[in-house]
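Please look at the sequence and the 3D structure before reading on.

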Amino acid sequence: MSVDRPRPLVAGNWKMNGLRSSTRVLEEIHAGYTPGLKAKVELAVCPPATLVGVFAHHAVGSRVAIGGQDCHAKESGAFTGDLSAEMLADAGATYVIVGHSERRQYHREKDVDVCAKAVAAYRAGLTAIVCVGETREEREAGKTLAVVRKQLRGSIPVDSNSHNLVVAYEPVWAIGTGLTPTVADVAEVHALVRDELRRLVGKAEAPRVRILYGGSVKPSNAAELMAVDNVDGALVGGASLVAADFLAIAGAYLG
Ligand code: PEP
């Protein structure tokens, strides 16, 4: 474990799942977010955009943070179907995920787009969760570190710090597949991310920026993954839809 670890964050990415009736899941998360757990770990839930306002309203007083899953780089304008970071903030979000591999893959978002979205998040007062990670082909070709380094350099804005930036390392091949890298592989990539952060945000801030691991985190593997050096929490997809599983993952920090 790192000596000087920042407060961990366990964030749930609900993707395109959830209706107003899912507020029940949020309420179960609130109920299980005991003072003991609150003292050890921050929780955030990133529902689909339709639920950000509803969830933020329900989350008042619970200290579960609410986040968006994407934002447009511009503050407003003729961008049908898009949402600005300001709109998410206005709805009560404090986080926004940018550069998730599903956005990079299905919407062809490049590092430059991700960087512009992170800038938008900062402008709106949100904390950006910037996602990076290699594909299976890139890992098999031995390119993981080079790919992640390039994504970090291209996606993280110059004015980033430990308050406005969280980095999520999510190997694309581990997302939703039940596969996870070895603990040694996670440690290697997270060490690289920390090293790059020293260049990108400076030596003083770098140790305080949270680096999340994401990709098939579940209650059965959370403790092992969260104990890896430079892993400061998790970005959780599928398992975040079930309150008991999400809480059990966060519970890895209870020791
Ligand atoms: C994700 O999509 O960010 C993710 C980590 O998904 P899962 O936990 O389902 O692999």
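Glu28 and Arg24 form a salt bridge, with 3.5 Å between the closest N and O atoms; the term stands for a side-chain nitrogen of Lys or Arg within 4 Å of a carboxyl oxygen of Asp or Glu. Because the two residues are four apart in helix H1 (residues 23-32), about one helical turn separates Glu28 and Arg24. Helices (H or I, at least four residues) and strands (E, at least two) are DSSP runs, numbered from the N terminus. The structure holds 17 salt bridges.

The model is predicted: local features need pLDDT of at least 70 and side-chain atom pairs count only at pLDDT 80 or more, while totals for chains, interfaces and linings use all residues. Residues are numbered from 1 along each chain as its sequence is written, and side-chain values use heavy atoms, with hydrogens and water left out.

Around the ligand there are 14 residues, of which Lys15, Glu170, Gly176, Ser216 and Gly237 come nearest; a residue counts if one of its heavy atoms lies within 4 Å. By class, this shell has four nonpolar, eight polar and two charged residues, and Gly counts as polar here. An oxygen atom of the ligand is 2.7 Å from an N or O atom in the side chain of Glu170. The protein buries 95% of the 300 Å² that the ligand exposes when taken alone (Shrake-Rupley method, 1.4 Å probe).

The two pockets are listed below. A pocket is an open set of points on a 1 Å grid where a 1.4 Å probe fits, with protein on both sides within 12 Å along at least five of seven lines; lining residues have an atom within 4 Å of a point.

| Largest | about 490 Å³ | nine nonpolar, seven polar, five charged residues |

Of the 21 residues lining the largest pocket, Lys15, Gln69, Asp70, Arg103 and His107 are the closest to its centre. Helix H5 (residues 101-106) gives the largest share of that lining, three residues.

The second largest pocket is lined by 18 residues, and Arg104, Gly133, Glu138, Val147 and Gln151 are the closest to its centre. At least two residues of this lining come from each of H5, strand E5 (127-132) and helix H8 (144-155).

Technical notes:
Polar contact = N/O pair within 3.5 Å; in protein donor to acceptor, adjacent residues only side chain to side chain. Points joined across faces, edges and corners; volume = space filled by probe spheres on them.
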